[in-house]
Amino acid sequence: MSNDYTKPSIVKVGNPLYAKHGSSAQSYHFVRDAIEGVKISDLVAQYGSPLFVFSERSLRLKYQQAFKAMQRYYPNLVFGWSYKTNYLNGICQVFHQEGAIAEVVSQFEYEKARSLGIPGNQIIFNGPHKPEGILRRALLEGAQVHADHFYEIEDAEKIAKENGSPITIGIRINLDSGIYPLWSRFGFNLESGQAWAAIRRIAESPHLRFGGVHCHIGTFIMDPTAYSRAIQKLSKLIREAESLVGYNIEYIDLGGGFPSMSQLKGVYQPPEVAISSVEDYAESIGKELQWLASRKPAPKLCFELGRHLVDEAGYLITQVVADKALPDGRRAYVLDAGVNLLYTSTWYKYKIELDRDVPGMMEPSILNGPLCMNIDVVDEAILLPRLPRFQNLILSPVGAYNVTQSMQFIEYRPNIVMIGENKSISLLRRKEGLEDLNRLEG
Ligand SMILES: Cc1ncc(COP(=O)(O)O)c(C=O)c1O
């Protein structure tokens, strides 16, 4: 196996026939024969296809860049790793090693974080469904719990009463930050007065203590100033809440939402042009938070970045298993991976690379997955040279949400590996087999 790092390269394929694609009378496809210096062919030989591959270097780099950018503006900074974005143990551990606490949204995720050795007081607990048992455990273990609705405040009050000492709880808030459609179904709405009612409900309970506010304005937020607008509204609310309860809040949690470098369908510009840098986000946020940053001590500022940290670290290697000429003139390829493994294909147009230069005329092509279902389309319009059977394709970025939302539907889910900083390969999750699935049945 070669240890040389091979830079991805763009190969010119002279073909004036489909010159619409690209700015000159040439067409292009991308060639990448290695990930982090490990040959695609070696990965496939050892772990099969399809295969998810993660880069440890990329995970650490993205984390450090984002943390450093925010740290310039705020002293008391905490990153909670958004488990739902990718909760493979090996991925969570990398972020925990970098200093992230855990951000979870369900009983399963809470238990997973605890099983990874994360203490309760290093866990942020969000989500609209926190059954009483897990809510009790989280509150008594000192987790930072954000109530999503009034029943949860009632449950927390009951738990605190039984426990005999007051319990700290915060609330999730939704608001209009100029991002539409509004994410108004999570937490308490600010503009309607519901968030204020929730704060008062907590403040008036002898068993509860108000801890702080959480607001996740949405995902893939391409406008950094949306955070400024959200913070302006939250700042007013925080001032009012502090004068109601008579003390300073412990934290403000701004959720996640920074975009990754994925190409969104319907966005014409490439991500390198359309996406602002993490420093731009940090600046928009930091400027609005100066009044809290200058407090001694400053309340905690939490982030729960997901896709921004993990998306580019993930690749999916897949192979051509068949090809057909469609009546509309397109060439249709069947790949061994489809929407079963690529939940994000609904929104993203992936970068598609071949692991070698394939000569030949470029043809309008469609990439389908292996599901016996018409919806299984990975890319409906791509120019490719005629690909042979077993040709490897590398899709990226796929590190966010695809693994956690993958479907076990008519296929086994594949091996997932991570290439370490020293180029060693570790198996993060082995391929499923019949025995794994049968074990759950009677
Ligand atoms: C509460 C909460 N925090 C963080 C995230 C991570 O979001 P993103 O991947 O957009 O950063 C999500 C995702 O929807 C979320 O619901």
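Modeller: Of the 15 residues around the ligand, the nearest are Thr219, Gly256, Glu304, Gly306 and Arg307; a residue belongs to this shell if its C-beta atom, placed from the backbone, lies within 6 Å of the molecule. The shell comprises ten polar, three charged and two nonpolar residues. Here Ala, Val, Leu, Ile, Met, Phe, Trp, Tyr, Cys and Pro are counted as nonpolar, Asp, Glu, Lys and Arg as charged, and the others, including Gly, as polar.

The model is predicted, so local features require pLDDT of at least 70 and side-chain atom pairs pLDDT 80 or more, whereas totals for chains, interfaces and linings use all residues. Residue numbers start from 1 along each chain as its sequence is written.

Phe220 has a positive phi near 50°, although this residue is not glycine. Phe220 sits in the loop between strand 12 (208-214) and helix 8 (225-245); helices (H or I, at least four residues) and strands (E, at least two) are DSSP runs numbered from the N terminus. Two peptide bonds also deserve attention. The bond from Tyr180 to Pro181 is cis, with omega near -5°, and Pro181 belongs to the loop between strand 10 (167-174) and strand 11 (188-189). Lys296 and Pro297 are likewise joined by a cis peptide bond, with omega about 0°; Pro297 is in the loop between helix 11 (290-293) and strand 15 (300-303). For context, most residues other than glycine have a negative phi, and most peptide bonds are trans.

The axes of helix 8 and helix 10 (residues 278-288) come within 8 Å and cross at roughly 20°. That angle makes helix 8 roughly parallel to helix 10. Axes are lines fitted to C-alpha atoms, over the stretch in contact for helices, with angles from 0 to 180 degrees between N-to-C directions; under 35 degrees is roughly parallel, over 145 roughly antiparallel, 65 to 115 roughly perpendicular, and the rest oblique.

Gln65, Ala66, Ala69 and Met70 in helix 2 meet Val278, Glu279 and Ala282 in helix 10, a set of five nonpolar, one polar and one charged residues.

Helix 2 (residues 56-71) and helix 3 (residues 89-98) have axes that come within 10 Å and cross at roughly 40°. Helix 2 is therefore oblique to helix 3. Glu56, Leu59, Arg60, Tyr63 and Gln64 of helix 2 make the contact with Ile91, Val94, Phe95 and Glu98 of helix 3.

Finally, an automatic or database domain assignment divides the protein into domain 1 (9-55 + 312-438) and domain 2 (56-311). Their C-alpha centres lie 34 Å apart, and 23 residues of domain 1 are in contact with 22 residues of domain 2.

Key: Two residues are in contact if their C-beta atoms, placed from the backbone, lie within 7 Å.
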